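Reader: I've got a model open and I'd like to learn how to read its sheets and its chain contact. Can you walk me through them?

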Amino acid sequence: MKEPEVNLELALEHGLTEEEYNIICERLGRTPTFTELGIFSVMWSEHCSYKNSIALIKTLPRSGGRLLVGAGEENAGLVDIGDGLAIAFKIESHNHPSAVEPYQGAATGVGGILRDIFTMGARPIACLNSLRFGTLDDPRTRYLFEGVVKGIADYGNCFGVPTVGGEVYFDDSYKYNPLVNAMAIGIVDTNRIASAVAKSEGSPVMIVGSSTGRDGIHGATFASEEISEKSESKRPSVQVGDPFTEKLLLEATLEIIKEDLIVGIQDMGAAGISCSTSEMSAKGKSGMDINLDIVPLREENMTAYEIMLSESQERMLVVVKKGKEKRVKEIFNKWDLNCEIIGYVTDEPLLKIKYHNVLKANIPPYDLVLGGGAPVYYRDAKEPEYLKEITKLDYNEIPEPECISEVFEKILSSPNIASKNWVYEQYDSMVRTNTVVGPGSDAAVIRIKGTQKAIAATTDCNGRYVYLNPKEGTKIAVAESARNVVCSGAIPLAITNCLNFGNPYKPEMYWTFKKAIEGMGEACRFFNTPVTGGNVSFYNESPDRAVYPTPVIGMVGLIENIDNVTTAEFKDSGDLIYLLGEDYEEIGGSEYLKIQHNIVKGKIPKIDLQTEKDLHNLILELIKRKIIKSAHDISEGGIMVALAECCIINKEKPIGAKVHLPVKTREDLSFFSESQSRVIVSLSQENKDAFEQIASKSFTPYTFLGETTDKIFSVNDQYQFKLEHLIKLYYSSISEKMNIV
Amino acid sequence: MKIKFGIVVFPGANCDHDAYYATKKVLGYDAEFLWHKEPDLKGSNAILLPGGFSYGDYLRTGAIARFSPIMDEVIKFANSGGIVIGICNGFQILLETGLLPGIMQKNINLKFICKDVYLRVENKNTLFTKLVDKNVIKIPIAHGEGNYYADEKTLSELEKNNQVVFRYSDSKGDVTPESNPNGSLNNIAGIINKEGNVLGMMPHPERACDTALSRTDGALIFKSIAESIYK
């Protein structure tokens with residue numbers, strides 16, 4: 001096959017700009033070959049280079065705390081948890097593939113993030129995922145939702161990692177561009193951490209795992225454009241997942257790391273061999289001589305260009321210690337996996353790619369990579385016009401509903417609030433027998449066998465808040481994720497982020513992104529939870545509109561003593577219920593406004609980071625001293641929803657509640673307010689004095705709300721609900737909507 | 001004598017570590033992994049075929065694992081009266097070997113299901129249940145194909161010989177359509193062979209052995225097996 005002539009036009013077709021093409025020619029001192037053009041185009045795509053985000057990302061706190069490896073240094077961040085153990089964790093998006101091929105798009109998203117974890121030598125111990133779709137009355141949304149959930153389920157279940165939590169939201173803004181963010185957590189001995197580096201001349205470079213096919217070519221470039229009618233034609237850019245091979249790859253990879261046979265290892269995700277060879281070489285200030293003739297292929301007549309750009313899944317690049325090739329091969333043979341030496345590390349920092357005895361590419365790896373020669377841009381930023389109008393909301397124009405009970409039931413059964421059991425019962429949440437608290441709670445809790453410790457994890461982001469106020473909305477996302485892990489008894493450790501935004505070339509979008517990063521940085525510095533890494537996903541737009549800006553926060557916390565694990569549900573009747581924190585009747589951007597009045601407007605709830613931190617300190621103190629039996633944060637839906645959840649989260653053993661909720665001006669405003677930094681706790685009568693003593697010495701206001709009872713949820717003697725009825729509303733809402741044919 | 005559980009590791013098994021942890025670390029028996037390519041049971045007193053997705057379950061569940069080199073030894077062991085327990089994928093593999101009758105179909109809702117279920121213990125007079133001291137136990141399921149099917153004749157044989165050991169039920173032990181998670185005939189969750197030394201069950205007892213996970217009923221099954229070997 002004759003290769004096309006390389007010129008500016010071809011470069012533009014590859015998604016490069018004229019300026020970028022000129023830089024490439026200048027750096028090489030010649031016109032790139034076709035293969036080289038392909039390599040540059042994927043390596044300099046938004047997806048691999050972070051060219052429009054990295055400048056701002058670098059303003060985030062990326063070290064300190066218990067971080068062992070800072071953001072961007074390796075495939076995932078690493079946090080020390082003591083006992084010679086560390087936690088590796090990261091979140092990543094697979095939005096665009098999932099928009100056109102939901103099942104494989106989501107499945108390979110899970111596969112990719114798992115490889116990021118075990119390539120560091122860490123065994124994956126849990127997955128979470130953060131999903132956004134349109135509303136369920138739309139048939140295509142139901143198709144996407146069903147496919148994405150099944151894709152995540154089939155991959156994680158077969159691989160054998162428990163999917164323990166996450167979040168799902170439904171809103172029109174995500175109709176054509178769903179968000180599929182997958183997070184994985186792994187555990188590793190601190191003296192067995194593997195690095196993604198290539199060094200030491202003559203070390204063999206091996207490709208291991210699946211064969212290479214034509215799937216996923218230009219996947220990274222596809223992820224760097226807006227969704228349009230043409231996207232359907234990109235379906236072949238979506239890779240196909242094979243969780244069984246990934247499971248074998250995991251076991252083999254951990255064996256070669258354990259036996260200390262390797263110099264470095266990196267998984268192949270976006271940009272396949274191009275990315276792994278160049279990044280590993282650049283990190284080691286070395287080069288590689290690669291012979292593509294040896295790469296195991298699954299299709300005939302593949303070109304060098306195709307082999308370099310293939311995004312076939314379940315592959316890794318391994319730089320083996322000299323003399324250990326044989327042992328590495330033995331291990332991969334045991335697991336029936338490919339393992340071939342495709343080249344050697346060189347001291348000369350050049351990536352030389354040969355195929356059929358022709359030098360197809362000869363590029364300094366440094367020029368290709370993020371942090372090296374890949375471009376870095378600051379874009380124009382401009383405050384969007386819509387923000388001026390949309391924050392105005394006169395409460396007097398919101399009619400007070402006639403029937404509070406009816407509104408409450410409507411909110412409780414809104415798919416954004418209702419139980420996601422339809423989703424999480426399709427996930428194996430228990431395999432590996434570490435899941436102390438599974439899905440459906442504020443945070444998932446995973447014990448660490450052989451220690452007294454456990455890890456709490458959550459993902460959070462209210463895109464509606466961020467849309468209405470990018471900076472404060474993002475601060476709330478961080479604060480809420482911290483609050484969620486605190487409610488489970490954990491100290492917040494660090495975060496990973498998945499930044500889902502629109503097109504950064506639009507000044508309004510770039511401004512929004514910038515503000516979100518500012519808010520995230522401020523909150524993370526305040527809570528001492530550095531950013532360990534993550535992922536930026538731009539171009540989440542369809543011809544109609546951009547998605548709500550959605551910077552998802554994946555938070556991990558540490559529970560030193562597993563006896564301190566605390567859960568949200570009320571435990572026994574006859575206990576006392578208290579509110580920690582204060583209500584300000586804030587309904588801007590609330591679920592109530594959206595559900596009852598179809599309004600997305602107003603000032604979002606204010607967030608004061610010191611108030612939030614005071615609350616965390618109080619809760620952790622109450623948990624440590626074993627004074628409270630439950631803790632549940634108040635978020636979307638407000639206090640009435642949160643109380644109902646405390647009653648029915650344990651479906652097997654529902655506990656009623658009889659409460660008096662203070663009303664400042666109007667019942668609807670008080671009951672459905674989403675004021676931040678609030679938590680509901682319950683305790684036995686005998687701990688009343690101890691509780692009040694500690695709480696009164698703290699900076700957090702507290703209010704006695706009432707007592708737990710039998711089968712009724714009763715509010716202000718006026719509104720009464722049978723728990724059986726609430727259980728039906730809460731647990732059947734999504735499955736009922738999914739069963740419409 | 002310390003009882004030794006031999007846990008077969010098929011490629012794609014993912015509950016092998018859980019079974020090992022439950023039998024060895026939690027319950028204090030001996031346990032050893034048996035690699036599927038090596039036809040050697042290494043002196044195990046009981047063989048455990050763990051859950052997971054052997055060979056990805058890309059063909060019919062258990063259909064390829066059944067031909068692993070170790071399976072000839074497992075079948076010989078079972079035919080000479082040795083205790084064999086197959087859990088989830090292990091149960092599916094046992095069906096493929098013919099050590100147990102019947103087949104598995106996809107769950108009736110066509111979805112994977114992971115949740116706690118209640119099981120009515122139908123036969124407490126087996127090698128696997130002799131120490132179960134209650135009528136209803138709580139053990140989680142996690143499978144996509146647990147919808148047990150057998151022809152009428154086989155089914156009536158199973159019932160007549162008391163080979164149905166566990167049935168999906170509600171918390172009170174009532175066997176109802178609502179308590180059947182996957183469409184299994186007669187709410188069947190676990191069966192033994194006619195001789196009584198081979199058990200297949202879809203629920204995961206190894207996930208229910210540990211107070212830290214708030215589930216302990218599964219331990220009764222492993223304790224029963226150990227007790228049966230002692231006697």
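This is a predicted model: local features need pLDDT of at least 70, side-chain atom pairs count only at pLDDT 80 or more; totals for chains, interfaces and linings use all residues.

Reader: Which residue of β26(A) is the bridge partner of F713(A)?

Author: That's F721(A).

Reader: What is the strand order in the open sheet of seven strands?

Author: Read across, the order is β21-β23-β20-β24-β22-β25-β26 in chain A, with mixed pairing. The edges are β21 (630-633) and β26 (719-722) of chain A, and each of them pairs on one side only. From one strand to the next, the twist averages 25°.

Reader: Which strands does helix α16 of chain A touch?

Author: Helix α16 (residues 404-412) of chain A packs on the sheet against β25 and β26 of chain A, and its direction makes about 45° with that of β26(A). Helix α23 (residues 639-648) of chain A packs on the sheet too, and the strands it touches include β20 (576-580), β21 and β22 (656-659) of chain A. The direction of α23 makes about 160° with that of β25(A).

Reader: How many strands form the open sheet that starts with β1 of chain A?

Author: Six, in the order β1-β2-β3-β6-β4-β5 of chain A, again with mixed pairing. To find the edges, look for strands with a single partner: β1 (67-69) and β5 (163-170) of chain A each have just one, so one side of each has no neighbour in the sheet. Neighbouring strands here are turned by 25° against each other on average, direction ignored.

Reader: How many bridges join β2 and β3 of chain A?

Author: Five; β2 (residues 77-82) and β3 (residues 85-93) of chain A run antiparallel. L78(A) sits opposite A88(A) of β3(A). Helix α8 (residues 139-159) of chain A packs on this sheet, touching β4 (123-133), β5 and β6 (179-189) of chain A, and its direction makes about 180° with that of β4(A).

Reader: Now the chain contact. How many residues does each chain give?

Author: Chain B gives 30 residues and chain A gives 32. Together they bury about 2600 Å², 58% of it on carbon and sulfur atoms.

Reader: How many salt bridges are there between chain B and chain A?

Author: Four. One of them pairs K37(B) with D336(A), whose closest N and O atoms are 3.1 Å apart. On the side of chain B that touches chain A, β6(B) gives the largest share, five residues. The residues on that side split into 17 nonpolar, four polar and nine charged.

Methods:
Residues are numbered from 1 along each chain as its sequence is written. Chains are lettered from A and ligands numbered from 1 in the order in which they are written. Side-chain values use heavy atoms; hydrogens and water are left out. Contact means heavy atoms within 4.5 Å. Buried area is the accessible area (1.4 Å probe) that two parts lose on being put together, summed over both. A salt bridge is a side-chain nitrogen of Lys or Arg within 4 Å of a carboxyl oxygen of Asp or Glu. Helices (H or I, at least four residues) and strands (E, at least two) are DSSP runs, numbered from the N terminus. Ala, Val, Leu, Ile, Met, Phe, Trp, Tyr, Cys and Pro count as nonpolar, Asp, Glu, Lys and Arg as charged, and the others, Gly among them, as polar. Two strands pair if DSSP finds at least two bridges between them. Axes are lines fitted to C-alpha atoms, for helices over the stretch in contact, and angles run from 0 to 180 degrees between N-to-C directions.
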